[in-house]
Amino acid sequence: MVECWKLGKGHVILPIFYFVAPSEVKKQESVGFKSAFKLYGEKFDAATIGQWKEALKQVGEMKGWHVTEHVGQGTVINEVFVQIESHLRNSYKLATDELVGINSHVEKMKKLLNHVDSASQKIVGIHGMSGTGKTTIAKAVYNEVSAQFDQSCFMEDVRRILSTENGGDVTLQTNIISSILKVDSQVRNVGEGINIIRDRVCRHKVLIVLDDVDERFDFDRVFGRLDYFSTESRFIITTTDKRVLIKFDHKLYEPEEMSHEYSLMLFSKHAFGADHPPGEFLDRSEKFVEAASRLPIALKVIGSLLFRRDMKFWDAKLAELRSIHPTKVQERLRISYNELTYYEKQIFLDIACFFVGEGKEIPFYMWDGCGYHPEGGIDSLLMKSLIKINEKNQFWMHDHFRRLGEHIVHEDYPQQSFKRSRIWSNEDALEILRSGGQV
């Protein structure tokens, strides 16, 4: 342990001196230590014994806990648990897309978090259109400041959670309570959830990030009241709809449009795996950046599409991209979908309609049984930045792509839902069942 600690790579030793004084461990002059080393000296060489003595000496000089007859072991266990949890939280980071220029966003958000009127304000909102990097900014801020709080949690896809027909609020409460209290919890109803949050969650200084919130979110229905929480607690809410935040006393951050320099760098990272395009591709790269309206999600996906392709392909895609109106984001992203193989398209549509937020194991077996070659298909979608697999080994897809997939399925039979290849809407499914499949 001491050898690992000496490497200076973040290893931590938290010594517990159990009915032995730290000075005894350091000096090793007591009868117990002397007899122990004499016994081990019969089995191990002097060099090894010397290393042990030196290690114990260094541990004896470290700050730790001294358990004696007069110090309750339960108290020490609680202190050790808090300390270990703090170290683990400091080492755990949410995976982000590493948006170019993220540091300036993080610094601005930290100022807002630190300068709210804590007597009435605990909420900082991040507002902007889809694809501008709100989630990436929120994750980067969370990674930076979460260690300053007693407990913290990051709730992704709040809009999707609340869109479930029954129990969306209860599901959100359950997820938040389980994450904050570090226990598997199952809330039975909204009232019970509010009581647990008020009595057990609110006693902590907490940071709660609610990502992708829409008008269905009702703070009081999920949390009870904002003033239940301590003045040091903070909420970060990302949304495309500023009206979500109007009902709260809040600070607001609206990320500015990405500069041409940063846009070119982000595009280059995905198109070339480098910060800057090669000289012969510079002019074309700049034209793609402007045609993508400097929208981060479009820059990532289109850059990934062009990776290792020749100039003829680049020119064809640039002409196609320029023919699309700048406000029509989904049509610009559809360029990447059109380049997929038949099997890759089927996997993409299945994820968009059914499997966002779901584990990949079950659909993987389904796709394999259908002969879709899922291993290669999923790798291709990942390489093209069309999907991601999160820390929980679940599928994640940007909202633009989810809506694109649903639109592609819908447009085949816009008025005849029973003929569509996939039915993901509860309303459509019920209508088809009621009508016996003839809508």
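Q: What is the relative accessible area of Cys4, and how should I read such a value?
A: The idea is a scale: buried means under 20% relative accessible area, exposed means over 50%, and partly exposed lies in between, using a 1.4 Å probe and protein chains only. Cys4 has a value of 36%, so this residue is partly exposed. Keep in mind that this is a predicted model, where local features need pLDDT of at least 70, side-chain atom pairs count only at pLDDT 80 or more, and totals for chains, interfaces and linings use all residues. Residues are numbered from 1 along each chain as its sequence is written, while side-chain values use heavy atoms, leaving out hydrogens and water.

Q: How many disulfides does the structure hold?
A: A disulfide is a pair of cysteine sulfur atoms within 2.5 Å. The structure has 0 of them. Take Cys153: this residue is in no disulfide, and the nearest cysteine sulfur, which belongs to Cys202, is 12 Å away. Cys153 also gives you another accessibility value to read: at 1%, Cys153 counts as buried.

Q: How many helices and strands does the protein chain have, and how much of the chain is buried?
A: Helices (H or I, at least four residues) and strands (E, at least two) are DSSP runs, numbered from the N terminus. Here you will find 22 helices and 9 strands. Of the 439 residues of the chain, 45% count as buried. For the overall extent, the C-alpha atoms fill a box of roughly 85 × 60 × 50 Å along the principal axes.

Q: Which strands make up the open sheet, and in what order do they stand?
A: Strands of a sheet pair through backbone hydrogen bonds, in a parallel or an antiparallel way. Two strands are said to pair if DSSP finds at least two bridges between them. In this model, an open sheet of 5 strands runs in the order S4-S5-S6-S3-S7, and the pairing is parallel. S4 and S7 (250-253) are the edge strands, each with a single partner, so one side of each has no neighbour in the sheet. From one strand to the next, the twist averages 15 degrees.

Q: Which strand does S4 pair with over 5 bridges, and how is S4 covered?
A: Strand S4 (residues 151-155) pairs in the parallel sense with S5 (residues 206-210). Within this pair, Cys153 has Ile208 as its bridge partner. Both faces of S4 are covered, with Gln151, Cys153 and Met155 buried on one side and Ser152 and Phe154 buried on the other. Because 5 of the 5 residues of S4 are buried, the strand is largely enclosed by the rest of the structure.

Q: Which helix crosses H17, and at what angle?
A: Axes are lines fitted to C-alpha atoms, for helices over the stretch in contact, and angles run from 0 to 180 degrees between N-to-C directions. The axes of H17 (residues 329-338) and H21 (residues 399-412) come within 10 Å and cross at roughly 80 degrees. H17 is therefore roughly perpendicular to H21. For contacts, look for heavy atoms within 4.5 Å. Among the residues that meet are Leu333 and Tyr337 in H17 and Phe401 and Leu404 in H21.

Q: How many residues does the largest nonpolar core have?
A: In soluble globular proteins, nonpolar side chains tend to be buried together. A nonpolar core is a set of buried Ala, Val, Leu, Ile, Met, Phe, Trp, Tyr and Cys residues joined through side-chain atoms within 4.5 Å. The largest one here has 71 residues, and Phe401 is one of those with the most contacts inside it. Leaving out residues up to four places away in sequence, Phe401 touches Ile297, Val301, Leu333, Phe348, Ala352, Ser385 and Leu386. A second, separate core has 33 residues, including Ile161 and Val206.

Q: Where is Asp169 found, and what does it contact?
A: Asp169 sits in helix H9 (residues 168-181). With a relative accessible area of 15%, Asp169 is buried. Beyond its neighbours within four places in sequence, Asp169 is in contact with Leu162, Val190, Arg221 and Val222.

Note on methods: Parallel < 35°, antiparallel > 145°, perpendicular 65-115°, else oblique.
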